[in-house]
Amino acid sequence: MTTTMQRAEAAEHAMSEELDRIVVKSVLYTSGERDPRVPVPRPPDQGKLYLMRHDPRLPKMPDKPTLFDFFRYRFGPSAHMLQSARLAQKNGTSEKVVLACLLHDIAIAGFIRSDHGYWSAQLLEPYVDEEVSWAIRYHQTLRFFADESVGYKYPEMYVKLFGADYQPEPHIQAAYRYARDHKWYMTSRLITVNDLYSFDPSVKVELEEFENVVGRNFKQPKEGLGFDAGPSAHMWRTINWPTRYL
Ligand SMILES: [Fe+2]
Ligand SMILES: [Fe+2]
């Protein structure tokens, strides 16, 4: 039987061995903190190799990772999405809406924050109903626009975050006009209605609560997310191995 201590030692050994590899960050990870136009200063290699696989500083993912594995091993706290999904369920929305709420901010949780609705949708598109990914793509835009018919107001939180004078840019206005007239508008709108800003830290929602919803509505590839050659598989691979040299 492997003890916790032995496991920790093994992990440490793996780390010291692996960190003999040189780890380089993508430009996007540091852009702003440093000027992306300036070449990255590189110390001499000293015969070291560059990291081309798993980053030993991260928990190792299974060889055939599932959506939930990404929640467990790569995403930041997902209480916001879990509580939004539970609220959607409580409000009696369809399973599609519950799933959309559960996944609507995955780009913020584990990939890229800016334009997160689009990134989230793109990650998910090959694996969910088109209506679900469409709704996730446009929830980002619809958040900025009130809809009195469902009691959705411009979020107080946005005034705090972006200032009272923030005006959505023209491309967001255009996306709003497009989404407003679309047949799936209400699916996306329902994400915003159930999108909780101030979730309750005392309420614990487990991923397992949505196992059946995900099982019925998410086409988990048998090769594992990232290894299925789908159009967004490379994005999942990058989340799995964010520091590969190439
Ligand atoms: Fe969002
Ligand atoms: Fe959200």
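1. The 4 donor atoms around the iron ion (ligand 2) subtend angles of 79 to 166°, which makes the arrangement irregular. For four donors to count as tetrahedral, all angles would have to lie between 85 and 135 degrees. The structure under review is a predicted model, and the values in this note should be read accordingly.

2. The ligands of this site are His 80 (NE2), His 104 (NE2), Asp 105 (OD) and Asp 195 (OD), which coordinate the iron ion (ligand 2) at 2.1 to 2.3 Å. Along the chain, these donors follow the spacing H-x23-H-D-x89-D. His 80 belongs to helix H4 (residues 79-90), whereas His 104 is in the loop between H5 and H6, so the pair ties together parts that are 24 residues apart in sequence. Both His 80 and His 104 are buried.

3. The iron ion (ligand 1) is coordinated at 2.1 to 2.2 Å by Asp 105 (OD), His 116 (NE2) and His 139 (NE2). The spacing of its donors along the chain is D-x10-H-x22-H. Water is not among the atoms, so sites may look incomplete.

4. Which residue bridges the iron ion (ligand 1) and the iron ion (ligand 2)? Asp 105 does so, and the two ions lie 3.6 Å apart. Asp 105 is located in the loop between helix H5 (95-103) and helix H6 (106-110), while His 139 is part of helix H8 (residues 130-142), so the pair ties together parts that are 34 residues apart in sequence. Asp 105 and His 139 are both buried.

5. As to the fold, the protein chain contains 13 helices and 0 strands. The C-alpha trace spans about 65 × 50 × 35 Å along its principal axes. Among contacts in the protein chain with a separation of 6 or more, 71% are accounted for by residues 24 or more positions apart.

6. The protein chain has 246 residues, of which 41% count as buried.

7. Met 52, Tyr 245 and Leu 246 make a nonpolar surface patch of about 320 Å². Leu 246 is found in the segment after helix H13 (233-240). Is Leu 246 buried or exposed? Its relative accessibility is 75%, and a residue counts as exposed when this value is over 50%; Leu 246 is therefore classed as exposed.

Technical notes. Residues are numbered from 1 along each chain as its sequence is written. Chains are lettered from A and ligands numbered from 1 in the order in which they are written. This is a predicted model: local features need pLDDT of at least 70, side-chain atom pairs count only at pLDDT 80 or more; totals for chains, interfaces and linings use all residues. Side-chain values use heavy atoms; hydrogens and water are left out. Donors are N, O and S atoms within 2.8 Å of the metal (3.2 Å for Na, K and Ca); water is not among the atoms, so sites may look incomplete. Helices (H or I, at least four residues) and strands (E, at least two) are DSSP runs, numbered from the N terminus. Buried means under 20% relative accessible area, exposed over 50%, partly exposed in between (1.4 Å probe, protein chains only). Patches are made of residues with over 30% relative accessible area and no salt bridge: like charges are joined within 9 Å, nonpolar side chains (Val, Leu, Ile, Met, Phe, Trp, Tyr) within 5 Å. Accessible areas come from the Shrake-Rupley method with a 1.4 Å probe; for residues, only the protein chains shown count as cover. A salt bridge is a side-chain nitrogen of Lys or Arg within 4 Å of a carboxyl oxygen of Asp or Glu. Four donors count as tetrahedral if all angles lie between 85 and 135 degrees; four count as square planar and six as octahedral if opposite donors are over 155 degrees apart and all others between 65 and 115; anything else is irregular. Contact means heavy atoms within 4.5 Å.
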